[in-house]
Amino acid sequence: MLKPEPDFQFIKSLHLQMSKIIEPISYKRSEAILAYIEGNVDHANHLLEEVMGKCMKSVAQYGFYEAEVQLTQVVKKQLENIHAIRNVDERTL
């Protein structure tokens with residue numbers, strides 16, 4: 001994900017190996033990353049907001065949700081940075 005040109009097929013194969021039932025938070029975050037790579041930034045942001053909402057509801061009961069919140073924030077920030085760079089590149093072409 002951190003490379004300028006992600007290996008979409010590899011990322012998609014990892015996503016398909018995930019269990020939506022066992023790891024719903026990670027699965028939804030993975031869907032957001034795929035949506036972003038496919039160019040659907042609004043949908044990606046919506047999915048990340050869903051993840052944050054689910055985590056925030058449970059963070060007081062289960063401490064591991066704090067890690068999920070932090071990881072989601074890192075992913076969101078990275079996608080925002082890549083989006084900003086792409087927008088600058090598009091304007092300079």
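A residue counts as buried when its relative accessible area is under 20%, as exposed when over 50%, and as partly exposed in between, using a 1.4 Å probe and protein chains only. The model is a predicted one, so to speak of local features takes a pLDDT of at least 70 and side-chain atom pairs count only at pLDDT 80 or more, while totals for chains, interfaces and linings use all residues. Residues are numbered from 1 along each chain as its sequence is written, and side-chain values use heavy atoms, with hydrogens and water left out.

As for the overall layout, the chain has 4 helices and 0 strands, taken as DSSP runs numbered from the N terminus (H or I, at least four residues, for helices; E, at least two, for strands). In sequence order this reads α-α-α-α. Along the principal axes, the C-alpha atoms fill a box of roughly 50 × 25 × 20 Å. Contact here means heavy atoms within 4.5 Å; of the contacts between residues at least 6 apart in sequence, 51% join residues at least 24 apart.

Helix H1 (residues 8-17) packs on H2 at about 160 degrees, and the two axes lie 10 Å apart. Axes are lines fitted to C-alpha atoms, for helices over the stretch in contact, and angles run from 0 to 180 degrees between N-to-C directions. Angles under 35 degrees count as roughly parallel, over 145 as roughly antiparallel, 65 to 115 as roughly perpendicular and the rest as oblique, and H1 and H2 are therefore roughly antiparallel. On the H1 side the contact uses Phe8, Ile11, Lys12 and His15, and on the H2 side Tyr27, Ser30, Glu31, Leu34 and Ile37.

Then there is the inside of the chain. A nonpolar core is a set of buried Ala, Val, Leu, Ile, Met, Phe, Trp, Tyr and Cys residues joined through side-chain atoms within 4.5 Å. The largest one has 11 residues, among them Ala32, Tyr36, Leu48 and Ile82. Helices H2 (24-37), H3 (41-58) and H4 (64-92) are the elements that give two or more residues to this core. A second, separate core has 6 residues, including Ile25, Met52, Cys55 and Val69. Ala35, a member of the largest core, is in contact with Asn40, His43 and Ala44, once neighbours within four places in sequence are set aside.

Gln70 sits in helix H4 and is partly exposed, at a relative accessible area of 43%. Its C-alpha atom is separated by 11 Å from that of Val59, 11 residues apart along the chain.
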